[in-house]
Amino acid sequence: MPKRSDMERNRWLAPIAHRFGRSELWRFTRRSVPRGVALGLFAAFIIPLGQIFLAAFLALPARANVPVAAVITFVTNPFTVPFWLVVANKVGRFTLKVDPETFGTAKAAMEQGWWVEFGWWLETAGVTAFGFVVLSVVTAAIGYLFAGFLWRFMVARRWSRRPGNGKVLGVPTSTRQ
């Protein structure tokens, strides 16, 4: 997990290091945490490499929590990539409803020679890439909503556990008239 001081000293981030030093990017607030979750999920699915840097850069203008955005990108890692490739392919096929019979003359031309393998690869890669775009947008929206609800639930739970909660001036609220 990168620290604020590490990011300020990074030579690649030197031109914008002063922006990473702002304290509001490192605080856990009810607005910055859901934004960080959403940006981290978006960056995790939109590109396969360098998603931590993308999430950190996206967190700057969005005023999102940088550590949360960076950590959430680990939902896609080298161990889970095969699973996410299959999921993205299925989502892309479902969304696009790709059917080999709908291509017509293009399909007939591609059924000869080396075009067969290239056409299959191009179709699979395109569908999978589109599936990743859909996954990035949908998971970012769901992550934002879930983090916001979870934040509110945790705050409400803390408020209900505070001493004196449910009593007004030492008298329980259930016996007041």
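Modeller: The largest nonpolar core consists of eight residues, namely Val37, Leu41, Phe45, Val68, Trp84, Ala88, Leu135 and Ala147. A nonpolar core here is a set of buried Ala, Val, Leu, Ile, Met, Phe, Trp, Tyr and Cys residues joined through side-chain atoms within 4.5 Å, and buried means under 20% relative accessible area, with exposed over 50% and partly exposed in between (1.4 Å probe, protein chains only). The model is a predicted one, in which local features need pLDDT of at least 70 and side-chain atom pairs count only at pLDDT 80 or more, whereas totals for chains, interfaces and linings use all residues. Residues are numbered from 1 along each chain as its sequence is written, and side-chain values use heavy atoms, without hydrogens or water.

Helix 3, helix 6 and helix 8 each give two or more residues to this core, and helix 3 gives the most, with three. Helices (H or I, at least four residues) and strands (E, at least two) are DSSP runs numbered from the N terminus. A second, separate core has five residues, among them Leu39, Ala56, Ala59 and Ala64. In soluble globular proteins, nonpolar side chains tend to be buried together.

Helix 3 has 15 residues and reaches 21 Å from its first C-alpha to its last, close to the 21 Å expected at 1.5 Å a residue, the expected span being 1.5 Å times one less than the number of residues. Because twelve of those 15 residues are buried, helix 3 is largely enclosed by the rest of the structure. The buried residues include Ser32, Val33 and Pro34 as well as Ala43, Ala44 and Phe45.

Leu41, a member of the largest core, touches Ile72, Val75, Ser136, Thr139, Ala140 and Gly143, once residues up to four places away in sequence are left out; contact means heavy atoms within 4.5 Å. Gly36, also in helix 3 (residues 32-46), is buried at 0% relative accessibility. Setting aside neighbours within four places in sequence, Gly36 is in contact with Ala64, Asn65, Val68 and Ala69. The C-alpha atoms of Gly36 and Asn65 are 4.9 Å apart in space, although 29 residues separate the two in sequence.

On the helix 8 side, Thr139 sits within residues 115-160 and is buried, with a relative accessible area of 19%. Beyond the neighbours within four places in sequence, Thr139 is in contact with Leu41 and Phe45. A polar atom of the Thr139 side chain lies 2.5 Å from the backbone oxygen of Leu135.

Phe45 and Trp84, both buried, bring in the aromatic rings. Rings of Phe, Tyr and Trp (its six-membered ring) pair if their centres lie within 6.5 Å, and planes under 30 degrees apart count as stacked, over 60 as edge-to-face and the rest as tilted. Two aromatic pairs are found in a search of the whole structure. In one, the rings of Phe45 and Trp84 have centres 4.8 Å apart and planes at 80 degrees, so the pair is edge-to-face. This pair links distant parts of the chain, since Phe45 belongs to helix 3 and Trp84 to helix 6, 39 residues apart. The rings of Phe83 and Trp84 also form an edge-to-face pair, with centres 5.0 Å apart and planes at 65 degrees. Ring pairs thus link Phe45, Phe83 and Trp84 into a cluster, within which Trp84 has a relative accessible area of 16%.

Thr76 touches both Phe45 and Trp84, along with Ala44 and Gln51, not counting residues up to four places away in sequence. Thr76 lies in the loop between helix 5 (66-72) and helix 6 (81-96), and is buried at a relative accessible area of 8%.

As for the whole protein, there are eight helices and two strands, and 27% of the 177 residues count as buried. Among contacts with a separation of 6 or more, 70% join residues 24 or more positions apart.

Methods: A polar contact is a pair of N or O atoms within 3.5 Å; within protein, one must be able to donate a hydrogen and the other to accept it, and residues adjacent in sequence count only if both atoms are side-chain atoms.
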